[in-house]
Amino acid sequence: MSVLIPDDGSIQHLAPHVRKWAEANGMSIKGDIVGWPLDTVDFTPFALKAANLGPDAVAMVNGWPGMVGGVLKALRKSGFAKPVIGMHYLQVEDVLEVAGPEASTNYYVHGLMLNDPELPEKIKWILETGMKKYGHKGLAFWVEGFDPVYTIAQAIEKAQSLDPDAIRKAWEQMDTIDTAYGTSKIGGRETYGLRHAVVGSRSIAGLERGKPTAMGWIRDIVVP
């Protein structure tokens with residue numbers, strides 16, 4: 001597998017975790033992490049650098065839809081037909097719009113599908129509320145904006161205080177917390193040194209033959 005990450009200063013911090021994750025799942029990363037400047041318009045040189053390493057798959061860690069779609073399009077134009085995965089959060093419809101139907105296949109990322117029959121009721125409510133107010137389907141970022149506020153409100157309620165230290169202590173005493181995705185687990189001590197990381201079930205979305213496709217859910221997730 002070869003890996004691309006936007007060169008925004010995060011590569012040195014993310015690379016060790018990505019390599020550790022790959023090894024834990026029986027994979028290896030070929031060569032160095034490939035980075036691209038944030039003002040990149042033509043992603044061809046970076047896509048070719050990743051493809052020329054001869055990987056069985058290409059992974060992208062972070063990047064807005066314009067970036068991800070640009071890399072995907074360049075990879076497919078270069079003849080790379082193997083899986084391309086995202087290790088972050090996007091709506092595949094946005095990637096499709098940039099990459100185009102011909103390039104948009106064999107691509108998978110953590111994302112929400114608006115027509116997913118397993119979509120939680122709270123996420124449906126967020127979608128309906130957002131569409132009513134803003135008139136567009138910005139589901140991915142509405143949900144990710146909702147949960148931080150919703151979870152901190154629960155920690156404040158548990159602490160019965162607005163004192164930051166009391167809220168921190170209350171947060172760290174909780175094993176689970178409610179989110180838009182349902183009941184989610186709290187972890188993060190091993191990874192971040194703080195037991196504040198909230199992760200619930202996550203859906204996987206894909207692009208197959210130019211069409212957005214629901215790929216199912218990953219359940220029972222916790223950040224160590």
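How many salt bridges does a search of the whole structure find? The search finds ten, a salt bridge being a side-chain nitrogen of Lys or Arg within 4 Å of a carboxyl oxygen of Asp or Glu. The points below take up one of these pairs, then the sheets and the helices.

1. Basis of the note. The model is a predicted one, in which local features need pLDDT of at least 70 and side-chain atom pairs count only at pLDDT 80 or more, while totals for chains, interfaces and linings use all residues. Residues are numbered from 1 along each chain as its sequence is written, and side-chain values use heavy atoms, with hydrogens and water left out. Helices (H or I, at least four residues) and strands (E, at least two) are DSSP runs, numbered from the N terminus.

2. Side chains of opposite charge can pair when their charged atoms come close. E118 and R219 join through their side chains in a salt bridge, with 2.6 Å from N to O. The two residues belong to distant parts of the chain, 101 residues apart. E118 is in the loop between β5 (107–110) and α5 (121–134), and R219 is in the segment after β10 (211–218).

3. The seven-stranded sheet. An open sheet of seven strands has the order β2-β1-β3-β4-β5-β9-β10, with mixed pairing; two strands pair if DSSP finds at least two bridges between them. β2 (34–36) and β10 are at the edges and have a single partner strand each, so one side of each is left without a neighbour in the sheet. From one strand to the next, the twist averages 20°. Axes are lines fitted to C-alpha atoms, for helices over the stretch in contact, and angles run from 0 to 180 degrees between N-to-C directions.

4. Pairings within that sheet. Strand β1 (residues 2–6) pairs with strand β3 (residues 58–60) in the parallel sense, over three bridges. L4 has M60 in β3 as its bridge partner. The pairing of β9 and β10, in contrast, is antiparallel and extends over six bridges. L207 has P212 in β10 as its bridge partner. β9 and β10 form a hairpin with two residues between them, and R209 in the turn has a positive phi of about 50°.

5. Helices on the strands. Helix α1 (residues 11–24) lies across β1, β2 and β4 (84–89), and its direction runs at about 150° to β1. α4 packs on the sheet as well, touching β5, β9 (202–208) and β10, and its direction makes about 25° with that of β9. Contact here means heavy atoms within 4.5 Å.

6. The three-stranded sheet. Which strands form the open sheet of three? They are β6, β7 and β8, in the order β6-β7-β8, and the pairing is antiparallel. β6 (176–179) and β8 (197–199) stand at the edges with a single partner strand each, so one side of each has no neighbour in the sheet. Neighbouring strands of this sheet are turned by 40° against each other on average, direction ignored.

7. β6 and β7 are joined by four bridges and form a hairpin with two residues between them. Strand β7 (residues 182–187) pairs with β8 over three bridges, in the antiparallel sense. K185 of β7 is the bridge partner of T176, and K185 also stands opposite V199 in β8. G187 stands opposite A197 in β8.

8. Helices α3 and α4. The axes of helix α3 (residues 65–77) and helix α4 (residues 92–99) come within 8 Å and cross at roughly 55°. That angle makes α3 oblique to α4; angles under 35 degrees count as roughly parallel, over 145 as roughly antiparallel, 65 to 115 as roughly perpendicular and the rest as oblique. P65, G66, V68, G69, G70, L72 and K73 in α3 meet D94, V95, V98 and A99 in α4. By class, this contact has six nonpolar, three polar and two charged residues. Ala, Val, Leu, Ile, Met, Phe, Trp, Tyr, Cys and Pro count as nonpolar, Asp, Glu, Lys and Arg as charged, and the others, Gly among them, as polar.

9. Helices α2 and α3. Helix α2 (residues 44–51) packs with α3 at an angle of about 60°, their axes 8 Å apart, and α2 is therefore oblique to α3. T44, A47 and A51 of α2 make the contact with V71, A74 and L75 of α3. The contact of α2 with α3 has five nonpolar residues, one polar and no charged.
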